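Subject: Structure for you to look through

Hello,

Here is the structure I said I would pass on. Please open it beside this message and follow along; my notes come after it.

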Amino acid sequence: MYHLECIECGKRHTKADVVYTCSKCGGLLDVIYDYSTIELDMDKIKKQCPSVWKYREMLPVDENQEPISIEEGGTPLYKCDRLADRIGIKGLYVKHEGLNPTGSFKDRGMTVGVSKAIELGMKTVACASTGNTSASLGIYGARAGIPAVVLLPEGKVALGKVAQALMHGAKVLSLRGNFDEALVLVRQLCDEEKFYLLNSVNPYRLEGQKTIGFEIIDQLDFNVPDRVMLPVGNAGNITAIYKGFKEFMNMRLTEKIPKMTGIQSEGAAPIVKAYQNKQNDITPETHPDTIATAIRIGNPVNAKKALKAIYESKGLADTVNDDEIVQAQKDLAQLEGIGVEPASASSVAGLKKLVDEGIIGKDETVVCVTTGHLLKDPQEVVDMCPKPVVVDATIESIRKAVFEDK
């Protein structure tokens, strides 16, 4: 039992409506459940391995609709003691969303979103993307057997992400413009051609992503961390994860909510600026720029929801620069064996900065969410790492190269 409700004016829309924003005021929509009708089998919850559809009773897909799934979710929650020592904090976990099937957290939203598209009788799905959304939509569209159309900003998307969308048969359009322009145009395309929009303005997509919050609690044996930190681009993820925590508390499975802490790059930080000015909405940035392509977004569509999540949870938002992002990316890889794309590392970079500044206490237990796999952006890795050492095919040459720095 659920409906869609505008967060601005409160207008209700039914679950049969194909709508992304409020038909009355244009505000963002949220999926509202009647929690009294939801019955969770806690024995099953505590015994089953985590996955998105493990929590089906709290997802907005009809029970008669077979999920469009490739076994997403169930990503590891690593305890990172060496990285915690480097940063100077007591308890640090990393939730590595890069180990979803397509290599990013977007799979959680797409399994629910594409399943909903099929339930609603939609024949084509579409999105604008900085990369990961296009990869995920292409693969889930292929799984569902329906066409996928994606708009990408020309020259601004990592090769690994474009390759996934192309290989799985999506119609890929490279736009002479930025992501924010692509989103405006794909929304127009979906309205006019009756395609189903699966950017994070679609409230059903966020319902899949909220399972990250469910899993964090599940994997910590229903203990709640003090803080959850994550990269913020279009701001759907921080919104969704907060909702997951809130729903577990509404169901009386937990007693508190972690402080939601969003990290943006200095070159693309409209939400941080709004937070610092105590505002409830953003001033868009027209020319966002950062090495972290996945969060290179100047007008995040879920900004109002994200700011609400930060304020209500008593969290915060801050920026890191590209050098800090790259260093955190190296620390994750070399201290913990966790390979992530640059945007993912911003959560760890932000943690280090805020601990160094005394804003985050050293006795806190923190979960950093890393959103995408290292191989999503292989060119960045090649550019920032030392080049392979060329040696002769002799043991003497190899030994010399191995020990030359010792």
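Asn132 is found in helix H4, where helices (H or I, at least four residues) and strands (E, at least two) are DSSP runs numbered from the N terminus. This is a predicted model, in which local features need pLDDT of at least 70 and side-chain atom pairs count only at pLDDT 80 or more, while totals for chains, interfaces and linings use all residues. Residues are numbered from 1 along each chain as its sequence is written, and side-chain values use heavy atoms, with hydrogens and water left out.

Is Asn132 buried or exposed? Asn132 counts as buried because its relative accessibility is 4%. The terms are set as follows: buried is under 20% relative accessible area, exposed is over 50%, and partly exposed is in between (1.4 Å probe, protein chains only). Leaving aside neighbours within four places in sequence, Asn132 is in contact (heavy atoms within 4.5 Å) with residues including Ser104, Lys161 and Ala294. Phe105 is 27 residues from Asn132 along the chain, and their C-alpha atoms are separated by 8.4 Å.

Next, the helices around H4. The axes of H4 (residues 132-144) and H5 (residues 159-167) come within 8 Å and cross at roughly 20 degrees. That angle makes H4 roughly parallel to H5. Axes are lines fitted to C-alpha atoms, for helices over the stretch in contact, and angles run from 0 to 180 degrees between N-to-C directions. Angles under 35 degrees count as roughly parallel, over 145 as roughly antiparallel, 65 to 115 as roughly perpendicular, and the rest as oblique. Asn132, Ser134, Ala135 and Ile139 of H4 meet Lys161, Gln164 and Ala165 of H5.

How do H3 and H4 lie, and at what angle do their axes cross? The axes of H3 (residues 106-119) and H4 come within 9 Å and cross at roughly 40 degrees, so H3 is oblique to H4. Among the residues that make this contact are Met110 and Val114 of H3, and Leu137 and Tyr140 of H4.

Two other residues remain. Ser265, in strand E11 (residues 259-265), is buried because its relative accessible area is 2%. The side chains of Ser265 and Thr290 are joined by a polar contact of 3.0 Å. Tyr35 sits in the loop between strand E3 (29-33) and helix H1 (42-47), and Tyr35 is partly exposed at 25%. A polar contact of 3.1 Å joins the side chains of Tyr35 and Glu247.

Regards

Methods:
Polar contact = N/O pair within 3.5 Å; in protein donor to acceptor, adjacent residues only side chain to side chain.
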